[in-house]
Amino acid sequence: MMKLLKPSLIALSLLTSCSVLAEKIAITNTTIYTAGNSGVLTNASVVFEDGKIIELNPSSIKADVVINAEGKILTPGLISTMNQFGLVEVGAVSGSRDGSAKKADINFDPSYAYNAETTLIPFARKGGITRSLIAPSSWDSVFPGQAFTILMNSEFDSVIDTKTAVIANFGGASKDSRASSLIELIEKLKGQQKKLKDAEQASAKAEGDKPAKAKEPSDEEVTLTALLNGEKPLIASASRSSDLLQLIKIKQQYGVNIVISGGEDAARVKSELANSEIPVMIKVVSNLPGSFDSLHASLTTAGELEKAGVKVILFSSDSHMAKNLRLDAGNAISYGMSEQGALKAMTSNVADVFNMDAGEIAVGKSADLVLWSADPFEISSKVESLWINGEQVTTESRQDKLRDRYISKENKPRGYIKP
């Protein structure tokens, strides 16, 4: 039977946790990649308290804890996108897959199934990932649902925002025309736009009279209104240049805040995307056509988009190997992307597009920080320390525990002990 803690022990526990959180921590003697307007700061320092950065490169350090980084590199925590942490454990086991629904619609919220204790999150922290945008995945519907945002700290309260963005699928389909998905989006937007206009006219006509009780909008109507008002982004999965041009027209006509995901052909319409201020989320390593929609996939796409002025976000949808995101960024750099542009594509660009209070080392931002042993884009570098919202979080994973268990000469499982 579980024993209840005495009130005095509970009070002591709460006091201890509060005091740890309230500590003022300084990281000194470091090269800071701010991913913001401050650029790269050498021999610099940062101070954070209560989960927020409170000083950047102050003239004097006053802190409870001072960490000498010995010249190593400090970056914002990386932000992973379009993966399924907590929604999938073993891809081949259907009972551990919760990222799609048979009756998915524009309001499907997969965060109800989120498992903060998934083993995939600690493994991803080894790659410096501190936050993630989790997306439902289904090609049976134009609208598989909405994405949500988490902290990568494996805590039960780590979901910090539900329904962050609407996901929509466009492009070639085996059982329908690619035009159908675009038309479905347009008809939904057009229909909701008309409802809003009719309601506005009815309200103006009834001015001075006793107003009629307004009908409560449906969940879909609320979502579509948020899209039309630019309050919620639409992540449009599309690759072919013709589809990208159609999505640009939809943004121009309806004012929807569109973000392209995939975008293998994006370099062919980079000027149009830049002029329309449409961000593009791409997989760097998609350098071979996966379909007739992505004939122009190339390792140079990220660099070409950056040079054209497109806001680029780098992502990997492989939840099991998301820790390699920084290495994908290294490939982007070797094929023409700037080093700081690649960092922003995993930090501040993501935060800007999805309204996250992170992604940059600046006063007032959340203290999501990663201290690297060396250049974070080099395969030999590793995470030495990692903080999420100002709290240091371990990078030990299940793989580490298994390694230690089976190479140990003592305390081995029974099957490994000779009689």
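The points below go through a predicted model.

1. **What helix 8 looks like.** Helix 8 spans residues 325–334. Seven of its 10 residues are buried, so the helix is largely enclosed by the rest of the structure. The buried ones are L325, R326, L327, D328, A329, G330 and A332. After helix 8 comes G336, and its phi is positive, near 115°.

2. **S80, a residue of strand 6.** S80 sits in strand 6. Its relative accessible area is 2%, and buried means under 20%, so S80 is buried. Set aside neighbours within four places in sequence. S80 then contacts F85, I129, R131, S132, L133, A322 and L325. L325 is also among the buried residues of helix 8. Now look at S59. It is 21 residues from S80 along the chain, and the two C-alpha atoms are separated by 34 Å.

3. **The largest nonpolar core.** This core has 71 residues. Those with the most contacts inside it are F85, F170, L247, I258, I260, L273 and L314. Helix 5 (residues 241–254) contributes the most, with five residues. Apart from this core lies another, of 17 residues, among them A147, M281, F315 and F354. As background, nonpolar side chains tend to be buried together in soluble globular proteins.

4. **L247 and its contacts.** Leave out its neighbours within four places in sequence. L247 is then in contact with F170, L182, A236, A238, I258 and I260. F170, I258 and I260 are also listed among the residues with the most contacts inside the largest core.

5. **Helix 3 with helix 5.** How are these two helices arranged? Two packed helices are described by the angle between their axes and the distance between the axes. Here the angle is about 5°, and the axes lie 12 Å apart. Angles under 35 degrees count as roughly parallel, so helix 3 is roughly parallel to helix 5. From helix 3, the contact uses R178, L182, L185, I186, L189, K190 and Q193. From helix 5, it uses D243, Q246, L247, I250 and Y254. By class, there are seven nonpolar, two polar and three charged residues.

6. **Helix 3 with helix 4.** Helix 3 (residues 178–205) also packs with helix 4 (residues 219–228). The angle is about 95°, with the axes 10 Å apart. An angle of 65 to 115 degrees counts as roughly perpendicular, and helix 3 and helix 4 are therefore roughly perpendicular to each other. Helix 3 brings K188, L189, Q192, Q193, K195 and L196 to the contact. Helix 4 brings E220, E221, L224, T225 and L228. The residues divide into four nonpolar, three polar and four charged.

7. **How covered is helix 4?** Helix 4 is mostly covered, with seven of its 10 residues buried. They are E221, T223, L224, T225, A226, L227 and L228. These pack against strand 8 (145–151), strand 9 (159–169), helix 3, strand 10 and helix 5. Just after helix 4, G230 has a positive phi of about 70°.

8. **S239, a buried loop residue.** S239 lies in the loop between strand 10 (234–238) and helix 5. Its relative accessible area is 14%, so S239 falls under the 20% limit for buried. The side chains of S239 and E264 are joined by a polar contact of 2.5 Å. Beyond its neighbours within four places in sequence, S239 contacts L244, G263, E264, D265 and D293.

9. **G51, another buried loop residue.** G51 is in the loop between strand 2 (40–49) and strand 3 (52–56). At 9% relative accessibility, G51 counts as buried. Not counting residues up to four places away in sequence, G51 touches K365, S366, A367, N389 and G390. D157 is 106 residues from G51 along the chain, and their C-alpha atoms are 15 Å apart.

Definitions and conventions: Residues are numbered from 1 along each chain as its sequence is written. This is a predicted model: local features need pLDDT of at least 70, side-chain atom pairs count only at pLDDT 80 or more; totals for chains, interfaces and linings use all residues. Side-chain values use heavy atoms; hydrogens and water are left out. A nonpolar core is a set of buried Ala, Val, Leu, Ile, Met, Phe, Trp, Tyr and Cys residues joined through side-chain atoms within 4.5 Å. Buried means under 20% relative accessible area, exposed over 50%, partly exposed in between (1.4 Å probe, protein chains only). Helices (H or I, at least four residues) and strands (E, at least two) are DSSP runs, numbered from the N terminus. Contact means heavy atoms within 4.5 Å. Axes are lines fitted to C-alpha atoms, for helices over the stretch in contact, and angles run from 0 to 180 degrees between N-to-C directions. Angles under 35 degrees count as roughly parallel, over 145 as roughly antiparallel, 65 to 115 as roughly perpendicular and the rest as oblique. Ala, Val, Leu, Ile, Met, Phe, Trp, Tyr, Cys and Pro count as nonpolar, Asp, Glu, Lys and Arg as charged, and the others, Gly among them, as polar. A polar contact is a pair of N or O atoms within 3.5 Å; within protein, one must be able to donate a hydrogen and the other to accept it, and residues adjacent in sequence count only if both atoms are side-chain atoms.
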